[in-house]
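Visitor: I am new to this structure and would like a close look at a single part of it. Please go through that part slowly.

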Amino acid sequence: MSDSTPLLNAVLAGDVSLVDTMLADGANVAVRDRSNDTPLHSAAAHGHVEIVDLLLRAGAEIDALNWDDETPLLAVLADGKRHHAVIQRLIAAGADVNAADSARVTPLMWAVTTKDPIAVGLLLEAGADLSCRDSEGDDIWDYARDEVVYSEEVYLTLLAGKDLQRASR
């Protein structure tokens with residue numbers, strides 16, 4: 001594990017061409033930084049869709065965990081920057097939509113916390129579990145009703161997802 005490697009630097013810079021060349025030359029897609037983030041964590045969190053695609057094709061672990069038990073999907077949602085194309089790519093590649101971080105916060109909980117109805121919808125369509133609870137015992141409805149993060153659009157998206165999941169049983 002290092003603070004930085006050429007691949008991690010290229011990923012953070014969003015340099016698609018350089019990342020592609022490094023991967024073709026055998027760069028290690030599993031290298032870690034001091035937070036135990038992989039290049040896929042960094043590419044996802046920064047919204048670098050093309051680099052996410054390159055890393056996935058090169059065999060990056062879709063659900064690799066960092067020190068906070070965050071997967072790349074959790075990393076992109078926790079930053080709240082609404083990188084929907086990255087979220088879609090990770091889900092399509094098989095990311096666990098119910099993976100929980102060290103506080104047992106799921107991707108759906110992060111999407112609600114960041115008031116992102118599009119991410120909420122993407123996660124629900126991919127089968128996100130509405131019954132998960134975090135380490136404090138709060139469920140998705142506790143998050144959705146929280147006065148600090150409340151968003152009517154997010155709440156309605158959750159209700160639609162609940163109805164959809166109920167109908168598909």
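Visitor: Is R57 buried or exposed?

Guide: The model is a predicted one. In it, R57 is exposed, because its relative accessible area is 64% and the cut-off for exposed is over 50%. R57 belongs to helix α4, which covers residues 49-57. Along the sequence R57 and A93 are 36 residues apart, while their C-alpha atoms are 9.7 Å apart in space.

The buried residues of α6 are H84, V86, I87 and L90. These residues lie on the same side of α6, because the arc they cover around the axis is only 160°. In general, an α-helix has 3.6 residues a turn, so residues three or four places apart point the same way. Among the elements that cover the buried residues of α6 are α4, α3 (39-45), α5 (72-78) and α8 (117-125). Just after α6, G94 has a positive phi of about 100°.

D101 is buried yet has no salt bridge; R104, the nearest side chain of opposite charge, is 8.3 Å away. The side chain of D101 does reach the backbone nitrogen of V105, at 2.9 Å. Leaving aside residues up to four places away in sequence, D101 touches D68, D69, E70, L74 and W110.

Notes. Residues are numbered from 1 along each chain as its sequence is written. This is a predicted model: local features need pLDDT of at least 70, side-chain atom pairs count only at pLDDT 80 or more; totals for chains, interfaces and linings use all residues. Side-chain values use heavy atoms; hydrogens and water are left out. Helices (H or I, at least four residues) and strands (E, at least two) are DSSP runs, numbered from the N terminus. Buried means under 20% relative accessible area, exposed over 50%, partly exposed in between (1.4 Å probe, protein chains only). Lys and Arg count as positive and Asp and Glu as negative; His and the chain ends are not counted. A salt bridge is a side-chain nitrogen of Lys or Arg within 4 Å of a carboxyl oxygen of Asp or Glu. A polar contact is a pair of N or O atoms within 3.5 Å; within protein, one must be able to donate a hydrogen and the other to accept it, and residues adjacent in sequence count only if both atoms are side-chain atoms. Contact means heavy atoms within 4.5 Å. The arc is that of the directions from the helix axis to the C-beta atoms.
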